[in-house]
Amino acid sequence: MKKEIFEPFNSSDNNFEQCVKCTICTVYCPVLEVNPDYPGPKQSGPDGERLRLKDPNFFDESLKLCLNCKRCEVACPHGVKIGDIIQLARIKYSKKKPKVRDMILANTDIVGTMASTFAPIVNPIVALKPVRLIMDGVLKIDHHRIFPKYAGMRFETWYRRYAASKQNDFKKHVSYFHGCYVNYNFPKQGKDLIKIMNAAGYGVHLLEKEKCCGVALISNNLIKQATKQARHNVEAFKKSIVDKNMPVISTSSTCIFTIRDEYPHLLGVKNDEIRDKSELATRFLFRLIDSGKLKLVFKKDYRKRIAYHTPCHMEKLGWSIYSTALLKMIPGIDFVSLESRCCGIAGTYGFKKENYKTSQGVGKPLFDQIESSDVDFVATDCETCKWQIEMSTAKKVEHPISILAEALDVEATVKLWQK
Amino acid sequence: MKFDNIIIGGGLSGLTCGIKLAEQGKKCAIVSSGQSAIHFFSGSFDLLGKLNGQEVKNPLEAIKTLPDAHPYQRVGIKNIARLAVEAPQLLDRAGLQFSGKSDQNHFVLTPMGIMKPTWLTIDDFTRFEQNDVFPWKKAVILNFSGFLDFHTLFVQDGLKKYDVDVQIKNFAMKEFEAIRRNPSEMRSTNIAKVFDQGEDVLNEFAQKVNQLSEGFEVVILPAVFGLFTKNVVTDLKSMINKPLVLIPAIPPSVPGIRSQILLRKRFEELGGTYFLGDIVEEGTFKNNRLVAVQTNNHGNIKLEADQFVLASGSFYSKGIVATRDKLYEPILGLDIDGDIDSEKWLDEKFFNDQPYMHYGVKTDSGFRALKNGKPIENLFAAGSVLGGANALKEGSGAGISLLTSLHVAEQILK
Amino acid sequence: MNKNISKEYDVIIIGGGVTGAGTARDCAMRGLSVLLVERHDFATGATGRNHGLLHSGARYAVTDHESAAECIKENMILRRIANHCVEENDGLFITLPEDDIAFQSQFVDACKTAGIGTEILDPDFARRIEPSVNPDLIGAVKVPDGSVDPFRLTMSNALDARIHGAVLLTQHEVKGIVKEQDRAIGVELFNHETKQNVNYYGKIIVNAGGIWGHHIAKLAGVNINMFPAKGSLLIFGHRVNKMVINRCRKPSNADILVPGDTICLIGTTSERIPYDQIDNMFVSRQDVDVLIREGVKLSPTLATTRILRAYAGVRPLVAADNDPSGRSISRGIVLLDHQERDGLSGFITITGGKLMTYRLMAEEATDLICKKLAVDKQCETAEKSLPGAEKSEHPLSIATEKVYTGANISQKSAKDRHGTLAKNILNGDDYEDSLVCECEGVSIAEVKYAINELHVNNLIDLRRRTRVGMGTCQGELCACRAAGLLCESFEKPGKAKDDLANFLQERWKGMLPITWGEGINEIQFTSWIYEGIYGLKPDNN
């Protein structure tokens, strides 16, 4: 019994025209709340778009104050893609050239490659106060910011040396899009993922040369390069999903959101063939458990009080329920819900000197909640949220996959499916 | 993903229904395609304000004379009386204090300065027991400089007929300068956010109000207090040395958003799952039952439940969609109670009884939604997605939402 | 405004359309004392109910050489004297596979004869410069079409007339022509504001009432047979096209798509209607269907673009034959000297013509008036710029480079609407930069300027001066803000509330034929706000 579909007769295809000016988006914009220099999602988005179609000179450079958190889109009762409209306007109309600083921040993989190679030198240097002051003064990277440390050995190197060979022992297989953060800064998260997937009976493989998803390039208006990388990634995903029938999972909510939802809208890179089979590891695991195909066994002595922070892109995806459902399966977890608020970092946004105040102002309601929550640590799916929360509160942040890996009784779990 | 009950629509009916079910231990989920129409809440819930153009004094009595097709008749007069007592109690448990009687309307002051009959009013606002008496003789209306969404002159004009001496004063405070300088953002919600941030602003404001209202018996202000922080209104009232009458501003409404937040919070604290910004794309029907729905965010992880409630709202919320010449229910393809002939949808006078306002989803007498003429056993419709009444003309929108959803919840719990 | 009633004006002009305003300007510039009377507001008749097309004349080139030649001449004049009312967008005449491509060369030749510059474009090139055009086109000719805002144009003429001493009375309806033997000596007026009758006297009475001129002539005891033909148009929610798009064929229904300000519009249909229906214009569902069906042929994206409004105007053509479509009638100017024609002196009628030739009509009428009054002064309206269109010594700079200029939108919008007169709006008071209308970028300052300077009596007038309520929400958010400001100026809150209700009804009238989809969502929301929350009633608030 499929619902009847009617021939559209002058139904608007122009998403911004679906706005009925209810103004609800302005209530949930975290930027507007702390920085009134931003014209707000309604004015920047649907209202502004109409004016820009009249005359491109209506474009206002202040649109770069948008965090691209998409909370306006989640709130909109009429499905207006307000965030996309704003990002597209920046791509189309901005006359500002990206600064050297923006290029450094945006090229997470190139910078990462260099930095992790020289990690023992780079880490202490960027941590030095004088260096941070120079970065602040010359590059306009705010001196309050601490760069995430670069790991000595990249995840990809570790994988090839220590993990790759075992993966073919499994009957079922997935590919893993690890993203820049796991590769250069925090390989442990990738290792944790492999531990869980292996325990669940899945071999984990890397894509054929993944490239940075490009989210930072997009937000810094380096569109040509972002599009190139997007095309490359879609091809790499296809090789796994279409050619080998291996779904792609990731541990970064931002990377997967960008690949699924920003590639087609913002970069015009089609992803129809891969979208449905590209997802977060927590969603992949949840599906297996929900459909009775997998059972995880947890250690009896694991006891932790954990708060989950919903990153903006998880709010938009609606997927935080998978991560929280998995965490709640761990018997020893005392789970604390946080009201979903933006942390303010928005990738490279918060690193820029001009945005520091806004960034911290946006995050304050979240930080206050965390500080008063009395938890052992905070769980979240986004790496930049992790940095921001760790920089701005006294709490440590863990990825749900790492928490699961820590709490998982690998042997008992494996036994269940090996029988 | 399996739940006991899934409610499509996260507005007043969806949340009321979800809270009632969750209070009885049901595992519920609400799928909401965005923030709901509670954001335009005036501060009062109407049960029945007008009948045939005449103001209603006793809604419970007047309801008896409504046509059979009216949702209230389908709930049943006895049930209405009972549920009308239950509704404010449920709201109260969510932290929303409402007062009023279902057998006697009271009045509230609208932004046009008119006394409007209503049923329940949130404690931010002032209840007037009579529409021909304004209890004070000297009133001052205060407004924030640059705030365009509160029309002091209209209120002043409306109060003239009560022989009230009304003065209007505008004032500025440095805390509001930043948003005022943004040409589009001096909105009620943004003013409320400033007050949300701390006691100091509220203190300073209250002092200013006391100063400006010296010599007056009552202060009238726009309802811009307490968006994310619940107790701002109570605090303010305790700091001002005379009665305070709040008046709604142009939506989005500050007390409305606070109500939405508190209702959702209550639902979630009871174990409910609220999916915001997700859209139900289609349903899986088996043997005249709806077994699962597929949403945009969750794709092939379908949401399953024993019973479903459709509380997706009217045209504004896209519960009902009109194309050039067809009306349809966009989520599950249910039958529509409305004119087939599109020429009959609209009246050429804006203020007339617009036929389209009466349209909704067809149901049987127990609010089971019809599809191809047959009721779906486990799918109920509640709230403004129902047809059979022009809630705007009657002043019955909130009543229909609250009471049909409580009634439907009872059907499910039976 | 209540000038000395016993005073005799040189000229009394009946009608606040563009012809009346243009004639008032011309007369005033030639030193005559002028009174202009209008029953509603400026540009409420046919002037404000057309395409707003700055015709190059190409449309008439094949069928009506004289009109075509007039058009291109006036087109060039308007670009000079009214640049703030004009958008120099250029136009395309496209040939679709169903059209005869042979017509193109006939068309180009006729344009050449009329003095209209043409350029035959390769279809590929046409698709590139106008991406919204029907991609199936097999031929395209570029012509110097453009867009003109008739409200601004009329108001600028009226303003200039006022600057030159003319007195302007809106809301004054002519109820009778005062006659002395065979001579018209004045007008009997009914003031809709005060509900009082008043007489004014003048040496020459000019009937510039457009289609209503038929009735006015009757009041004077003379007969002009007007040919009322209704033309319906649709306004789309945003600007789809950059250039005017026409069909390269004999003029027909719904074959012009004009971009104008934030929107674009398609028209028109043509239908003969009885004279008694001219105040009762409505657009039928059938009209809407024809407009969409034909519009989609010009630009396929119209099929999926939201429609904001539908409206209809009446062409003020003087009946000449019994052509049922009314299209083969010349849009030529009709200047009637009733002294010669009917033996009634002191009364002339200026009618026919079109928006494009209003200035020429005014010139011809004024020439006749001057002749009658024995005034020897040359017409200067083709050389002197209208207020707002002057070359400014200090061009208004709009800062777009700063991170946030705060008032970028309203300042730029004001400049687009009022030309150099925007200096009266940009007064640097940031309180007044706040937006009343968020869709169209209308600030408090602009509303106040319009109320103080531009003869605004109510919200509907304000809309014509500033575009308040002309955007996507059709007044949902801005109407009550604007009503609040009007109320502050006029201090009649009861009237302001009724005015708000009238405004909503007026907006609804144009939405009625096209209300579905987002339109019905939006109107339900508007009703909730105004009727539900506010408790607004249709009258007696």
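In the predicted model, 14 residues of domain 2 of chain C are in contact with 10 residues of domain 3 of chain C. Two elements of chain C, α8 (285-298) and β18 (307-318), each give two or more residues to the domain 2 side of this contact. The strand β18(C) gives the most to that side, with five residues. By class, the domain 2 side consists of seven nonpolar, three polar and four charged residues. The C-alpha centres of the two domains are 29 Å apart. In the domain assignment of chain C, domain 2 is made up of 86-147 and 227-318, and domain 3 covers 408-533. Domain 1 of chain C is assigned to 8-46, 151-224 and 332-373.

Helix α12 (residues 444-453) and helix α13 (residues 459-466) of chain C were examined as a packed pair. Their axes come within 10 Å and cross at roughly 115°. Because angles of 65 to 115 degrees count as roughly perpendicular, α12(C) and α13(C) are described as roughly perpendicular to each other. The crossing of α12(C) past α13(C) is right-handed. On the α12(C) side the contact involves Glu446(C), Val447(C) and Ala450(C), and these meet Leu462(C), Arg465(C) and Thr466(C) of α13(C). The contact of α12(C) with α13(C) has three nonpolar residues, one polar residue and two charged residues.

Two local backbone features of chain C were also noted. Most residues other than glycine have a negative phi, and most peptide bonds are trans. In chain C, a cis peptide bond joins Gly267(C) and Thr268(C), with omega about -10°. Thr268(C) is located in the loop between β16 (263-267) and β17 (271-272) of chain C. Ala254(C), a residue other than glycine, has a positive phi near 45°. Ala254(C) belongs to the loop that runs between β14 (244-247) and β15 (256-260) of chain C.

The contact between chain B and chain C takes 39 residues from chain B and 46 residues from chain C. On the side of chain B, α5(B) gives the most, with four residues. The side of chain B that touches chain C divides by class into 20 nonpolar, 10 polar and nine charged residues. A helix pair also links these two chains: helix α5 (residues 152-160) of chain B packs with helix α15 (residues 493-511) of chain C at an angle of about 115°, and their axes are 9 Å apart. The contact is made by Leu153(B), Phe154(B), Gln156(B) and Asp157(B) from α5(B), together with Pro493(C), Gly494(C) and Lys497(C) from α15(C). Three nonpolar, two polar and two charged residues take part in the contact of α5(B) with α15(C). In this pair, α5(B) passes α15(C) in a left-handed crossing.

Chain B contains 12 helices and 24 strands. The C-alpha atoms of chain B fill a box of roughly 70 × 45 × 40 Å along the principal axes. The radius of gyration of chain B is 22 Å, which agrees with the value near 22 Å for a compact globule with 414 residues. Chain B also has a cis peptide bond, which joins Pro251(B) and Pro252(B), with omega about -5°. Pro252(B) is in the loop between β13 (244-247) and α10 (254-269) of chain B.

Chain C also touches chain A, with 29 residues of chain C in contact with 25 residues of chain A. On the side of chain C, the elements that give two or more residues are α11 (408-418) and α16 (518-533). The largest share of this side comes from α16(C), with four residues. The side of chain C that touches chain A has 10 nonpolar, 11 polar and eight charged residues.

Within chain A, the assignment gives domain 1 (15-93), domain 2 (100-139), domain 3 (155-292) and domain 4 (304-407). The C-alpha centres of domain 2 and domain 3 of chain A are 26 Å apart. Nine residues of domain 2 of chain A are in contact with nine residues of domain 3 of chain A. On the domain 2 side, α6 (100-106) and α7 (108-117) of chain A are the elements that give two or more residues. The largest share of that side, five residues, belongs to α7(A). By class, the domain 2 side has four nonpolar, three polar and two charged residues.

Conventions
Residues are numbered from 1 along each chain as its sequence is written. Chains are lettered from A and ligands numbered from 1 in the order in which they are written. This is a predicted model: local features need pLDDT of at least 70, side-chain atom pairs count only at pLDDT 80 or more; totals for chains, interfaces and linings use all residues. Axes are lines fitted to C-alpha atoms, for helices over the stretch in contact, and angles run from 0 to 180 degrees between N-to-C directions. A crossing is left-handed if the near helix is turned anticlockwise from the far one by less than a right angle, and right-handed if clockwise. Two residues are in contact if their C-beta atoms, placed from the backbone, lie within 7 Å. Ala, Val, Leu, Ile, Met, Phe, Trp, Tyr, Cys and Pro count as nonpolar, Asp, Glu, Lys and Arg as charged, and the others, Gly among them, as polar. Angles under 35 degrees count as roughly parallel, over 145 as roughly antiparallel, 65 to 115 as roughly perpendicular and the rest as oblique. Domain bounds come from an automatic or database domain assignment. The radius of gyration is taken over C-alpha atoms; the globule rule is 2.2 Å times the number of residues to the power 0.38.
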